[in-house]
Amino acid sequence: MARKRITTAPKKTMLIVTASEEESLFFSQMRKDCRYTNLTVQWAEGVKDELEALILYTARKRSHGKFNEAWLLFGFEELGITAVDVKAITSFAEKKKVKLAWCNPGIQLWYMLHIMAPKGYVDTAAAIDDALPRYIPGYFPGKDFLLGADGLNLHLALYPNKAKAAINARSYNQMAEAKTSLPATNLVYMLNAITDNCGLADITHNQKMIGMKR
């Protein structure tokens, strides 16, 4: 009787291109913490801060790297764009096989959603940046926080509230859509895609958790 051959399907590869260095640093922390070896995170350094240019850059990286799936992550405020701009470029992104992920006004909204949903619609990053130090020790806005001692483990500190962030995002998005006709963030969809492509997170090797204030 022939022995049955056991095969393991290879994991798919996924690319996240970010418009800012801060976004790249945060999701690189996620990649490391969760051991997603088939996930690549890259900052689009030097690329013009326009959606079309960033989509074209991501499409080239997807093609050259032969990634199964590619996402472009950006914040509205950093690019100076609106919901109208995102809606107008969606079909172009689909044509280039690039999926769009965003935060309005910026990535700090995603940090905040791990703690709470804003009580009212927030259209500036400064409003969130002013609130976050009460919950994230040592927080200050910008990439330098993620490079310093207090921010090196930000993703790990937020990770236990991942499910809470999704719930808060759903609640806050309803408010945001009433204002702009577009969700304030769709990062949950990108995170689901990471699970689909890269598998479940493995953070068992992380023994030290940096806590947040409650």
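## A tour from helix H9

Begin with helix H9, which bends by about 25° at Asn173, and keep in mind throughout that this is a predicted model. H9 covers residues 162-180, and because its 19 residues should span 27 Å at 1.5 Å a residue, the 25 Å between its end C-alpha atoms agrees with that expectation.

With H9 still selected, colour Ala165, Asn168, Ala169, Tyr172, Asn173 and Ala176, which are buried. If you then show the surroundings of these buried residues, you will find that they pack against helix H5 (108-113) and H10.

Next, select the largest cavity, which has a volume of about 140 Å³. Among the 13 residues that line the largest cavity, Met30, His155, Tyr159, Lys162 and Leu191 are the closest to its centre. Helix H1 (21-34) and helix H10 (187-198) are the elements that give two or more residues to this lining, and H1 gives the most, with four residues. Sorted by class, the lining consists of nine nonpolar, three polar and one charged residues.

Is His155 buried or exposed? Its relative accessibility is 8%, and because buried means under 20%, His155 counts as buried. Leaving aside residues up to four places away in sequence, His155 touches Phe26, Gln29, Met30, Asp33 and Cys34.

Now move to the loop between strand S4 (99-103) and H5, where Pro105 is found. Select Asn104 together with Pro105, and you will see the two joined by a cis peptide bond, with omega at about 20°.

The last two stops are lysines in loops. Lys66 is found in the loop between helix H2 (51-65) and strand S3 (69-75), and its phi is near 55°, a positive value in a residue other than glycine. With 72% relative accessibility, Lys66 counts as exposed. Finally, select Lys97, which lies in the loop between helix H4 (83-95) and S4. The phi of Lys97 is also positive, near 60°, and Lys97 is exposed, with a relative accessible area of 58%.

Key:
Residues numbered from 1 in each chain as written. Predicted model: local features only at pLDDT ≥ 70, side-chain atom pairs only at ≥ 80, totals over all residues. Heavy atoms only, no water. Buried < 20%, exposed > 50% of the residue type's maximum accessible area, 1.4 Å probe, protein only. Contact = heavy atoms within 4.5 Å. 1 Å grid on protein atoms, 1.4 Å probe; cavity = no way out; pocket = protein on both sides within 12 Å on 5 of 7 lines; lining within 4 Å. Points joined across faces, edges and corners; volume = space filled by probe spheres on them. Nonpolar A, V, L, I, M, F, W, Y, C, P; charged D, E, K, R; others polar. Expected span 1.5 Å × (residues − 1). Bend = angle between axes of the 7 residues up to and from the residue.
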